[in-house]
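Here is a short report on a protein model with its sequence. Look at the structure first, then read on.

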Amino acid sequence: MKVTIDGFPIEVEAGTSILNAARLIGGDIVPPAMCYYSKLEGSGGKCRTCLVQVTKGSEKDPRPMPKLVASCRTTVMDGMEVKNITSPEVIEARKGVVEMLLINHPLDCPVCDQAGECHLQDLGYEHGAAKTRYEFDRRTFEKIDIGDKIQLHMTRCILCYRCVFVADQITDHRIHGILNRGDHSEISTYIQKAVDNDFSGNVIDVCPVGALTDKTFRFKNRVWFTKPVEAHRECENPKCCGKVTLWYKGEDVIRVTARKDEYGEAEEFICNTCRFDKKKTNDWVIEGPRKISHKSVINSNHYDTLHPLPVVKTNPVLMEANKEQFERETRL
Amino acid sequence: MARKLLLEHINVPGINTFDVYRSKGGYAAVEKALKTLTPDEVVEEVKKSGLRGRGGAGFPTGMKWSFLAKPEGVERYLVCNADESEPGTFKDRYLMTYIPHLLIEGMIVASFALGAKTSYIYVRGEMMPQIRILEKAIAEAKAKGFLGKNILGTDYSLELYVQPGGGAYICGEETALLESLEGKRGNPRIKPPFPAIAGLYGCPTVVNNVESIAAVVPIINEGGDEYAKLGIGRSTGTKLISAGGNLKKPGVYEIDLGLPVEEFLYSDEYCGGIANGKRLKAVVAGGSSVPILPANLFMKTINNEPRLMSYESLADGGFVSGTMMGSGGFIAYDEDQCIVRNTWNFARFYHHESCGQCSPCREGTGWMEKVLHRLEYGHGKMSDMDLLVDVSKKIEGNTICPLGDAAAWPVASAIRHFRDEFEWHVTHPHEATTRNFGIAHYADPLPKLEATAS
């Protein structure tokens, strides 16, 4: 099936989502995804950051789709034409979604362990406005320990439901889910029960923000001061692949996570023994340093000034929409 | 006096019992459909009737039925959506309370047409009396052989169940309703797939409003062509309107679609005009989620034609100067009502009822509510109106289900048509908390029907 995204054509298999087709092309045209997780069945469609415009439905039915669609849950049709960053509507809608995601987020990045590898931080930096228009109290929750290794900081949660899907699909029995509705809905375990499961630690990896954090790593270090190294071990657990990233500070392994690809998704899930208990170098067979994009804050130690994409400089509508950013650029 | 199809025998004592309902010609449609028609012929009759979904969206019911996938060896389901919780709408509750057998008769015919062997009526959780009425009615029908195995000696069997809902507005959205019916959290599903392909338990499912299903009964009794003669244009048949607000005679009325709104509002047969001799300020024509209109725009379209109670005429002018038929929750506001307060009230409802699944609706509805609360209590700013319009635009169309749109439209339309009243709340904060803005120019020239022919 042939699909064209922002003018780039690509051949994909039937049943591929627009987002995955865009990921095959790669580069700037990949829509951001906060809730979609390719390894988790049924995820996606909730955060609405990946909205795109379908200007031509298919070869057979060339009508455009009336609304913006969530690219992670819309499958491609033959001859479909999609606009992502070339559509001012999409950019505007995405800005709106980012603003909505941030209005109830505490923005406590300076004390948050996720800072530096937080998807919301990247997204806010890229698409959000510098100032908020929201002038009311933000919703807050008490911190909850779910088990002795994981802490839930619900205030930071953006309700992507990824951890619910992990609990549903990776672990044996699901004991945590969503309570309440609307903006007071929260992730919780049944009557604050501890999550006790071999694979429960994966909820930390899938969390796009700092809502679920590793208690063995909390407040130990900033991610950009640590050195990621790829390693593996023969894990006794048959479901665990044993392939991890070790995060070194000096000589010590201070954190173990699953290996994440360029979209922040774990390549394979790991068990809690690998994640929480094996924190000595001699537990592991070192493979080599983990490649981190030069754009990442982990690599460069600071956030780079965002250069507008080339298409923004040529399209007058987008130029108008990004006026503030141009001004900021010239000021710096 | 227009002919009633649904509420013809509503005033007969004991119509809620099987025997009285049967003696008034009830269950004739079941006999006719099961004994003389094939399922496809029933669908064809409904298609011919031009019946449009009465739940709000107005999608042709016959079309919806014909889209139902019919794979071999897979169950098909019919689900009746009785989760009526839109502020201003109470027609389905009325129907279920007083004439429950009409719904059950419609369910049998519709299930037969779709080939469903099990059907559900999903009733809003707060309507416990109606649930008991329906269960009693189902038991009566079953005892008389109209439900269960081999109905009326034919080889068609049907089981009908009533399911109380959890009491959430969002469960009236068809996919959320199916999730809730399956025993899960009532979150709307991401479409596609549509319920006609994969609905309840992954099987093809049709979800219809109570009134749509009840309307199948007169369609089968009289034929689709006869039914299509009522009404106007593509709005065929009759519609239940639940009129409320500052009216002399609020209540549920059955109207022929195409009735002039002026007649509906002011004639003694229907609402009887505005209560206490006051003047009309604004109207919400189809339940809280449709755009609110000031009196002058509601009475006459922008082309100065009189507006009619029909899907097309109410929508005339799009969102700039029109509204929608919606679910028929007609709310009239007189000159003493405060539009800002009303808008805040609606926004509060949608904030409370948002399911929290997708971000624009979850965060945006709360934001709008807080800004409107501030405006209502005199702490607003001039920039708030633009902020509200902008936020409502960011929600509209970007959400999984139509609740986002439903939350955005009343706010956007109130600011579009009543901006001076919002501004007055900012400029006169002390007065705004003690008195109302009044009617301004919204009702000029004041439309009033002269002596109604009764």
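How many residues of chain A are in contact with chain B, and how many of chain B with chain A? The model is predicted: local features need pLDDT of at least 70, side-chain atom pairs count only at pLDDT 80 or more, and totals for chains, interfaces and linings use all residues. Residues are numbered from 1 along each chain as its sequence is written, while chains are lettered from A and ligands numbered from 1 in the order in which they are written.

**Between the chains.** 25 residues of chain A are in contact with 23 residues of chain B. Contact means that the C-beta atoms, placed from the backbone, lie within 7 Å. Helix α2 (residues 88–103) of chain A gives the largest share of the chain A side, six residues. Helices (H or I, at least four residues) and strands (E, at least two) are DSSP runs, numbered from the N terminus.

**An annotated span.** In an unreviewed UniProt entry, residues 89–128 of chain A carry the annotation "domain: 4Fe-4S His(Cys)3-ligated-type". Such annotations may be inferred rather than shown by experiment. This span of chain A is 60% helix and 0% strand, and its end C-alpha atoms lie 15 Å apart.

An automatic or database assignment sets the domain bounds.

| Domain of chain B | Residues |
|---|---|
| domain 1 | 18–229 |
| domain 2 | 232–334 |
| domain 3 | 339–434 |

The centres of domain 2 and domain 3 of chain B, taken over C-alpha atoms, are 23 Å apart. Each of these two domains puts eleven residues into their contact. On the domain 2 side, strand β11 (residues 292–294) of chain B gives the most, with three residues.
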